Amino acid sequence: MIPGSVAANTAPAHLVLSGVGHRFGSFTALAGVDLTVQRGEFVTLLGPSGSGKTTLLRAIAGLAPPTEGSIRQDGADVTAVPVERRDVGIVFQSYALFPTLSVADNITYGLRGLSRAARRDRLDAMLTLIGLTAHAGKYPGQLSGGQQQRVALARALAPGPGLLLLDEPLSALDAEVRRDLRGELRRLQRQLGITTLMVTHDQEEALTLSNRIMVLNQGRVEQVGSPVDLYDRPASLFVAGFIGAENRLPLTSGPDGSLRLGPWPLPGLELGNNQPGQAPVLCLRPEWLGLEDGGLDGPLIEDGHLCLPGRVTDSEYRGAQIMVQLALDAPELAGLSLTSLQPAWAGAVAGGDLAPGRRLQLRLPLGRLRLFADGVAA
């Protein structure tokens, strides 16, 4: 099996959202959200602030039931079931640990229905899982941020919930601790096989941890898919820009669907089902924008690439990569800047000087170009 993938499963879906919406008075926070989550999946709800991702997570948790649609878990309708009666564990951004309880007491807080021996066994298992056995007697204030987050995660997992909900679980940590804990979180999720939904606005977090990602924007779903799907095949300009950096080339289209970039016709590229008023845009990730020596008078198709004449305007050494800023050699396109990420180890552009003014061929692989019209994939 590919690492991070979920095996084919014919069992009923673990979680099904159908037309979920939420209104606050006249304000629509969520509209028509559909999502099916299989058992053992790690699904991330990704979007900017105000996109509706936390509202959706709260609806799934039972903290704020939706005003429209339904939520089913293990085949049962739980739309109006309160949080205490749902089979969920929740980890909040603020950890919400009890400051006057020890690590051990925080973890076993939700296990009061078990015998003393059963609680002890479960505590030992959770402390071993998160690697904090030696800290059982400490209080939250005596722990680092990363350790506190591990305790919050263990407390959520201790009752053995079927569904784990994470609300920006790493956002309060510094960058290095976030990277370490991110790997730890994925390891635990895979080891336990627990179905997990996480809210984040961090694209790298989403790409690293998830089996699938749902991108939300202004309360609506932009796209749901694997990290590779969203990065390589974005369904909209919003997704293309929100997940990773990208170059945008604004085009014009003729009545026959032919496309132009400023003064240049683009041979071999056309916009199907062309309608007046469409705004075509060609997108390409910076790491796919190749550079070669040699000037051009205009665009051409060569060896599966769209080749354009350009020149360097700036470059920045970044260790493993060199970021090159480029302009196209056409007065009509003045002000349009493109970015290429060149591997430093390859001796960017045959080791030549990337000083401003150097003329180069910009090579755009046709298989990596993404064409959008009116903001959606064409």
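**Strands, helices and salt bridges in a predicted model**

Strand S18 (residues 305-317) pairs with strand S21 in the antiparallel sense over seven bridges; two strands count as paired if DSSP finds at least two bridges between them. Helices (H or I, at least four residues) and strands (E, at least two) are DSSP runs, numbered from the N terminus. The model is predicted, so local features need pLDDT of at least 70 and side-chain atom pairs count only at pLDDT 80 or more, while totals for chains, interfaces and linings use all residues. Residues are numbered from 1 along each chain as its sequence is written, and side-chain values use heavy atoms, with hydrogens and water left out.

Side chains of opposite charge can pair when their charged atoms come close. A salt bridge is a side-chain nitrogen of Lys or Arg within 4 Å of a carboxyl oxygen of Asp or Glu, and by this rule the count comes to 17. One of them joins the side chains of glutamate 292 and arginine 363 (3.6 Å, N to O). This pair links distant parts of the chain, since glutamate 292 lies in S16 and arginine 363 in S21, 71 residues apart. Glutamate 292 is partly exposed at 38% relative accessible area, whereas arginine 363, at 8%, counts as buried.

Elsewhere, six strands form an open sheet of mixed pairing, in the order S6-S7-S8-S3-S9-S10. Strands S6 (88-91) and S10 (220-225) stand at the edges with a single partner strand each, so one side of each is left without a neighbour in the sheet. Strand S3 (residues 42-46) and strand S9 (residues 212-217) pair in the parallel sense over four bridges, and leucine 45 has methionine 214 in S9 as its bridge partner.

Helix H5 (residues 175-192) lies across S3, S7 and S8, where contact means heavy atoms within 4.5 Å. In this helix, glutamate 184 and arginine 187 are three residues apart, which means a separation of about one helical turn. Their side chains meet in a salt bridge (2.6 Å, N to O).

Note on methods:
Axes are lines fitted to C-alpha atoms, for helices over the stretch in contact, and angles run from 0 to 180 degrees between N-to-C directions. Buried means under 20% relative accessible area, exposed over 50%, partly exposed in between (1.4 Å probe, protein chains only).
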